[in-house]
Amino acid sequence: MTMAQASAVNAQKAVKKPIKRKTQYRKYAPLLIMMIPGLLYILINNYLPMLGIVIAFKDVNFAKGILQSDWVGLANFEYLFKTSDAYIITRNTILYNLVFIILGTVLSLAAAILLNEIKSKVLVKAYQSIITLPHLISMVIVGYLGFAFLSPDTGFLNKTVLPWFGIEEGISWYTENKYWPWILTLVHFWKAIGYSSIVYFAALLGIDEEYYEAARLDGASRWQQILHITLPIIVPVITMLTLLNIGRIFYSDFGLFYQVPMNSGALFESTSTIDTYVFRGLMGSGDIGMSTAAGVYQSIVGFILVILANLIVRRFNKDNALF
Amino acid sequence: MKNEDRFISWFSHISMFLFAAVCLIPFLLLISASLTDQNAITAHGYSFIPQVFSTSAYEYLLDRGSDIARAYGVTVFVTVFGTVVGLAITVLLAYPLSRKETPHRNLLMFIIFFTMLFHGGLVPSYLVYAQLLDLKNSIWALIIPGLLTNGFYIMMMRTFFQSTVPPALIESAQLDGANEYRTLWSVVLPLSTPVIATIGLFTCIMYWNDWQNGMIYITNPELFSVQNLLNRIMQDIQFITTNMSANAGEAMQQMPTDSVKMAIAVIGVLPILVAYPFFQKYFIKGIMIGAVKG
């Protein structure tokens, strides 16, 4: 091919390309048009509030309106971090999540392995449906279930369980901070372990039966099979789920921390997380500027953590990463 | 069978049985307490077997049945409408993203994906819905904020379309003269019922259980969903008990308060318990599909 020919071909390509692009647009326009409702929704529901972050830097005055309120720079953040609130809500959010992640992984993994050891299909199905039932129930109902046990005057604990141990006066559960780390952890596990054990169980079902057969031929006991086949094979799943959970360590299950303690003010110290703090601020029992600042603090640190967690997951296994 | 193996087998059966029992026990207490006479509750507290059986709590609630019926009406409407519209939007976003030919596909993907990583937070969202769109005390405030809360569903559906619908099938449908909408409706969707059923079910549950939007945007009791009614009743009874004036005291005596609290919760949860056996299979499948990613 001579130079002239080559350049002619190139020129042709150059001319051809925009035309092709245009026809492509026309041909595939319906695909873009059908996305319009969803994209519009995302614009309003997700991207517009991202701009709303500016209110964290304003002295919000509803009489003046949001846009006209005065800029105050970082004052809201300064107030927030000067109070003990910032420390309490950060501590609670992270500590609860750490317990939920570490103990939760152990418990749900154990439940999944035990479920996998049950050979009767009917029983496995029955157990699966029962242990996932709590995940289906709204936190409002969970609050009521908790109340049936914890109500100071009529609760099962105060009226039945404590008297067994000779304690007659009863405990005022909804005002005593020291019990709540235990109660909330228990309630969380009651609601979540079934669900997350099914997630692990699904991973176990994917293990090739041939490994176990080979192990049995070599005389391995079931315990040895669990230890040397099951666990090593699902370690990547555990790592991935744990890292993704760590990425969300700055977010809490709002319902758990709001409904189960019945929004009791006396329990702020032990039950308040960033999410409940922001909510209370918005609903008028707190400072809106500070609560927006807390929300921005959560969004930004949360974003960084998700990105970091994902980077680490990617290093382990590209397929398991979110992006 | 080795002794050790037998031990593991027994251990699994016993622990799973106990685990399942723990999951169910709170519901038994709730139901039993709702069927106990008020005086027996005052004397002995809530218990697993009614000391004195009574249905007075349910009779009391029956008198106020219109509130409960209305709340159920709100919940059912919100759930049905929200699920249908939410699913439609999800499909309409996921399908073009599953097609290689869609212009700017990666950019569009990123726009959706980014919403999964970064949120504006509760207060800015509230300002958008309450102040900008003026949806306070409107039933739409219960529906719109939940339509696409989970970008993950879009990703899940897109992946499903990509992996189950062969591009050749789409091409041949379009050679036969089907436009994109027709292709989606008659070729892609019929092949994708599992993913649509799963996401539909989870969206449905999310709407049924939602109380947060109601608490934020709704103050008019006529628009309370079941969950919000439950919230309000707990608050009201607490309010009456803690601020007991002479008049309220009388009102209290006529009302079997402690059993009513439990009875209303039973009414709130019973439909789910009754329906659960019929959809548990899909619920568990959905959890397992979600397990692959996310």
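**Figure 1. A:Asn263 sits in the loop between helix 11 and helix 12 (268–271) of chain A.** In this predicted model, local features need a pLDDT of at least 70, side-chain atom pairs count only at pLDDT 80 or more, and totals for chains, interfaces and linings use all residues. Residues are numbered from 1 along each chain as its sequence is written, chains are lettered from A and ligands numbered from 1 in the order in which they are written, and side-chain values use heavy atoms, with hydrogens and water left out. Helices here are DSSP runs (H or I, at least four residues), numbered from the N terminus. Although A:Asn263 is not a glycine, its phi is positive, at about 50°. Most residues other than glycine have a negative phi. A:Asn263 counts as partly exposed because its relative accessibility is 32% (buried is under 20% relative accessible area, exposed is over 50%, and partly exposed is in between, with a 1.4 Å probe and protein chains only).

**Figure 2. B:His104 is another non-glycine residue with a positive phi, about 55°.** Look for B:His104 in the loop between helix 4 and helix 5 (105–117) of chain B. With a relative accessible area of 43%, B:His104 is partly exposed.

Figure 3. A pair of aromatic rings is described by the distance of the centres and the angle of the planes. Rings of Phe, Tyr and Trp (its six-membered ring) pair if their centres lie within 6.5 Å; planes under 30 degrees apart count as stacked, over 60 as edge-to-face and the rest as tilted. The pair links distant parts of the chain, 161 residues apart: A:Tyr96 belongs to helix 4 (residues 84–117) of chain A, and A:Phe257 to helix 11 (residues 254–259) of chain A. A:Tyr96 is buried at a relative accessible area of 7%, and A:Phe257 is buried at 1%.

**Figure 4. B:Tyr126 and B:Tyr217 are stacked.** The ring centres of B:Tyr126 and B:Tyr217 are 5.8 Å apart and the planes are at 10°, so this pair falls in the stacked class. B:Tyr126 lies in helix 6 (residues 122–132) of chain B and B:Tyr217 in helix 12 (residues 212–217) of chain B, so the pair ties together parts that are 91 residues apart in sequence. Both B:Tyr126 and B:Tyr217 are buried.

**Figure 5. Ring pairs join residues from chains A and B into a cluster.** The members are A:Tyr47, A:Phe303, B:Phe110, B:Phe114 and B:Phe118. Over all chains, the structure holds 35 aromatic pairs.

**Figure 6. Two charged side chains of chain A sit over rings: A:Lys58 and A:Arg248.** A:Lys58 lies over the face of A:Trp71, 4.5 Å from the ring centre. A:Arg248 has its charged end over the ring of A:Tyr251, at 4.7 Å from the centre. A charge sits over a ring if NZ of Lys or CZ of Arg is within 6 Å of the ring centre and within 35 degrees of the ring normal.

**Figure 7. The second largest cavity holds about 60 Å³ of space.** A search of the whole structure turns up four cavities of 30 Å³ or more. On a 1 Å grid over the protein atoms alone, a cavity is a set of points where a 1.4 Å probe fits but cannot get out, and lining residues have an atom within 4 Å of a point. Points are joined across faces, edges and corners, and a volume is the space filled by probe spheres set on the points. Lining the second largest cavity are B:Thr75, B:Val78, B:Thr79, B:Leu142, B:Tyr207, B:Asp210, B:Ser225 and B:Asn228. Helix 4 (residues 65–98) of chain B gives the largest share of this lining, three residues. By type, the lining splits into three nonpolar, four polar and one charged residue (Ala, Val, Leu, Ile, Met, Phe, Trp, Tyr, Cys and Pro count as nonpolar, Asp, Glu, Lys and Arg as charged, and the others, Gly among them, as polar).

**Figure 8. B:Ser12 and B:Met16 touch residues of chain A.** B:Ser12 lies in helix 1 (residues 3–34) of chain B and is buried at 0% relative accessibility. Not counting residues up to four places away in sequence, B:Ser12 touches A:Leu114, A:Glu117 and A:Ile118 (contact means heavy atoms within 4.5 Å). B:Met16, also in helix 1 of chain B, is buried at 1%. Leaving aside neighbours within four places in sequence, B:Met16 is in contact with A:Ala111, A:Leu114, A:Leu115, A:Ile118, A:Tyr127 and A:Ile131.

How values were computed:
Helix = DSSP H or I, 4+ residues; strand = E, 2+ residues; numbered from the N terminus. 1 Å grid on protein atoms, 1.4 Å probe; cavity = no way out; pocket = protein on both sides within 12 Å on 5 of 7 lines; lining within 4 Å.
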